[in-house]
Amino acid sequence: MQLEEAFEQYLIDLSVNHGFSKNTEAAYQSDLKQYKAYLIQLGINDTTQVTYKHIEGFMQVQEKTKHDKTIIRMAASIRSFHKYISFLKDEDDPSINLEVHDSYQILPIYCTKQEIERLMTSFHDAVPEEFLYHTILETIYACGLRISEAVSLTINRVDLSSSKIRVKGKGEKERIIPIPSASLPLLKKYYEEVRPNFLKSPSSLFFITKRGKKVTPQSIEKLMQQKCIALQFTKHITPHKLRHSYATHMLQGGADLRTIQEILGHSDIHTTEIYTHIQNEQITNTYKKYHPGEYDPDIETEMIQPLSGYRKKKENKIACNTKEHSNV
């Protein structure tokens with residue numbers, strides 16, 4: 001199949017049938033545009049001419065300048081493209097043996113519960129616009145939402161009477177999320193007292209600015225940057241990090257992975273499993289800090305003495321028992 005035609009047909013199929021988010025679709029398009037340019041540069045103009053060595057060569061070039069996660073996604077987009085063409089035209093799939101493994105795993109940055117508390121109490125709720133952004137960040141954290149999901153919430157998807165919200169996530173998938181009882185008064189006050197004053201014309205959006213417009217993700221990210229500076233947070237905290245914090249705190253509280261997966265809207269449980277690595281790291285750090293075998297040499301005497309004291313008492317007790325038995 002002609003290369004140009006193959007890419008055109010696949011991109012149409014990608015848009016119509018794959019159910020990817022707009023960002024993922026755009027990323028796949030970008031990946032394949034670079035891949036097509038590489039093949040054309042090699043003088044390839046038909047998909048039957050592509051071999052595994054061509055794909056391998058392209059991936060090796062990309063590995064020099066791109067991050068691991070980007071390389072993994074590029075491999076996925078190339079495999080998806082060739083699988084589609086192979087099925088469509090009954091051609092051999094040159095990407096069938098293409099595998100890229102993540103060399104390391106970056107653990108998500110998250111806030112402690114104390115940091116969340118500091119962030120949420122830093123707003124001046126008497127100022128309507130501050131109350132708005134306080135409510136948005138509370139909703140993102142309390143319900144584990146993506147920033148795009150929060151700003152796109154509509155009134156008919158927020159049921160304050162039953163304390164639930166219906167979220168349309170990636171791939172247009174819907175999920176129902178309970179609103180925690182501690183967060184409910186904030187949302188009710190926003191909806192009943194703040195939002196009506198912002199409303200300039202009818203709007204189905206739940207969150208609107210003081211001008212009655214849609215809240216942009218950029219405005220929330222800018223606010224978070226300002227808050228990080230004002231509160232002197234050493235971490236780079238973004239709205240998405242609040243979602244990471246939600247998942248981490250849920251896991252620490254005893255929630256199972258499947259429940260967290262459902263609430264976050266992850267299609268694959270492996271995506272959710274990243275949060276277990278955070279918990280495992282915490283367990284390791286706690287072990288190193290408190291286990292008697294993992295002591296600091298500077299406080300060796302401090303730690304060993306109680307143990308030796310215990311042994312001495314035990315030895316004395318055994319000696320006494322032995323003496324008593326010998327007298328019987």
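**Thr248**

I looked up Thr248 and found it buried, at a relative accessible area of 2% (buried means under 20% relative accessible area, exposed over 50%, partly exposed in between, with a 1.4 Å probe and protein chains only). This is a predicted model, where local features need pLDDT of at least 70, side-chain atom pairs count only at pLDDT 80 or more, and totals for chains, interfaces and linings use all residues. Residues are numbered from 1 along each chain as its sequence is written, and side-chain values use heavy atoms, with hydrogens and water left out.

Where does Thr248 sit? I found it in helix α10, residues 239-252 (helices are DSSP runs of H or I with at least four residues, strands are runs of E with at least two, and both are numbered from the N terminus). I then followed its side chain, which reaches the backbone oxygen of His244 at 2.8 Å.

**The whole chain**

I noted 14 helices and three strands in the protein chain. Of its 328 residues, 39% count as buried.

**The sheet**

Next I turned to the strands. They form an open sheet of three, in the order β1-β2-β3, with antiparallel pairing (two strands pair if DSSP finds at least two bridges between them). The edges are β1 (158-159) and β3 (174-178), each pairing on one side only. Strands of a sheet pair through backbone hydrogen bonds, either parallel or antiparallel.

How many bridges join β1 and β2? I found two, with β2 covering residues 164-168; here Val158 stands opposite Ile165 of β2. Between β2 and β3 there are five bridges, again in the antiparallel sense, and Lys168 has Glu174 of β3 as its bridge partner.

I also checked the faces of β3: Arg175 and Ile177 lie on the covered one, while Glu174, Ile176 and Pro178 lie on the uncovered one.

**Helices α1 and α4**

Last, I looked at how α1 (residues 3-17) packs with α4 (residues 68-89): the angle is about 105 degrees and the axes are 10 Å apart (axes are lines fitted to C-alpha atoms, for helices over the stretch in contact, and angles run from 0 to 180 degrees between N-to-C directions). So α1 is roughly perpendicular to α4, a term for angles of 65 to 115 degrees.

Which residues of α1 make the contact? I listed Ala6, Phe7, Gln9, Tyr10 and Asp13, which meet Ser77, Ser80, Phe81, Tyr84, Ile85 and Leu88 of α4 (contact means heavy atoms within 4.5 Å).

Notes:
A polar contact is a pair of N or O atoms within 3.5 Å; within protein, one must be able to donate a hydrogen and the other to accept it, and residues adjacent in sequence count only if both atoms are side-chain atoms. Angles under 35 degrees count as roughly parallel, over 145 as roughly antiparallel, 65 to 115 as roughly perpendicular and the rest as oblique.
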